[in-house]
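Dear colleague,

Please find the structure below, handed over for your use. A summary of the findings follows it.

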Amino acid sequence: MVQQASRKTVRAATPPKEALAARKPPGMVAQIARRLRRLILLVLLLGVWEYVSRVVLSDTTRTLLPPPSAVAKAALELIRSGELWQNLHDSVRRELMAFAWATVAIPIGIAMSWWPWVEEQLDPVFEILRPVPPLAWIPLSILWFGIGDTQNVFIIFLAIFFPILLNTITGVKGIEPNLIRAARCLGAPEWKILWRIALMAALPQIMTGIRIGLGVGWMALVAAELVGAISGLGFMINDARTVLRTDYVIVGMATIGLVGFVMDRVIRVAMRRWLPWSRSVGR
């Protein structure tokens, strides 16, 4: 009886084969199929667009909305001529320069969260400037800096700065107070508390601010280049509009979307790698 009972216990403890098979990680083919499944709606929309442009629209209106196949052909032309790469390079370079300047928001945000007198002085200034959209600064920035990189970088800087600042402040203020009390009781100096506790604990929120800021900055960059640049994706779109090359316009728009998508993915991968403890990192 004891042996039969033990056999039943072992059988009950052993998971069935179906459960073991369900726990196995999906194979490469299954992973590829799962990724391709996400593109079904996109492919359907492109098919509808191709049909409407070629069958429904007339020759005149087709000029305003060329089919995806014509846009792909225009993209190849721009790639072969090097025009697309040059404009993309200029836009990405401005975005990165503005981001480098905007990272000053991290120490400012930590200081505002840590020392009340700093927040008392800076908060009214930033709260007045923050609601002003970056695009509203374009006329004034053209008068200050002229048309070129400096003006574009200034507009993008304004777009990136405030999301990083606000998220840094929120992250530092949300730190568990017992962590700081424990560090002080153990005799940790103030700079080490700021570095090892405040910055590390607020890092997930700061990365979220960087993610939002880069996205907003990318949108502001295109708007700034539309009116105040002699190169870049925004300039390319505006230049194509003047000669009614709507296929080039759509290529520029698609490039902006793809680069923004890749940029966001890179940040999410970096967050998963560097901040594995954070629950805010999406899986």
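Is E119 buried, partly exposed or exposed? E119 has a relative accessible area of 23%, so the residue is partly exposed (buried means under 20% relative accessible area, exposed over 50%, partly exposed in between, with a 1.4 Å probe and protein chains only).

This is a predicted model, in which local features need pLDDT of at least 70 and side-chain atom pairs count only at pLDDT 80 or more, while totals for chains, interfaces and linings use all residues. Residues are numbered from 1 along each chain as its sequence is written, and side-chain values use heavy atoms, with hydrogens and water left out.

Salt bridges

A salt bridge is taken as a side-chain nitrogen of Lys or Arg within 4 Å of a carboxyl oxygen of Asp or Glu; by this rule there are 12 salt bridges. E119 forms one of them with K173, and the closest N and O atoms are 2.7 Å apart. K173 is partly exposed, at 45% relative accessibility. Helices are DSSP runs (H or I, at least four residues), numbered from the N terminus.

D149, in helix α11, has two arginine partners in helix α7 (residues 83–102). The salt bridge to R93 has an N to O distance of 2.9 Å, and its partners are 56 residues apart. The salt bridge to R94 has an N to O distance of 2.7 Å. R94 is buried, with a relative accessible area of 2%, whereas R93 is partly exposed at 28%. D149 is partly exposed at 27%. Salt bridges that share partners join D90, R93, R94, D149 and E225 into one network.

Aromatic rings

The model holds nine aromatic pairs (rings of Phe, Tyr and Trp, the last by its six-membered ring, with centres within 6.5 Å; planes under 30 degrees apart count as stacked, over 60 as edge-to-face and the rest as tilted). W137 and F154 form an edge-to-face pair, 5.9 Å centre to centre with 80° between the planes. W137 lies in the loop between α9 (116–129) and α10 (138–145), and F154 in helix α11 (residues 149–173), 17 residues away. W137 is buried at 17% relative accessible area, and F154 is buried at 19%. F161 and F162 are also paired edge-to-face, at 5.1 Å and 85°, and both are buried.

Nonpolar patch

M28, I32, L36, L39, L42, V43 and L46 make a nonpolar surface patch of about 680 Å² (residues with over 30% relative accessible area and no salt bridge, nonpolar side chains being joined within 5 Å). Helices α3 (28–37) and α4 (40–56) each supply at least two of its residues. M28, in helix α3, is exposed at 64% relative accessibility.

Yours sincerely

Key
Patch = residues over 30% accessible without salt bridge, like charges linked within 9 Å, V, L, I, M, F, W, Y side chains within 5 Å. Areas by Shrake-Rupley, 256 points an atom, 1.4 Å probe, with all protein chains shown as cover.
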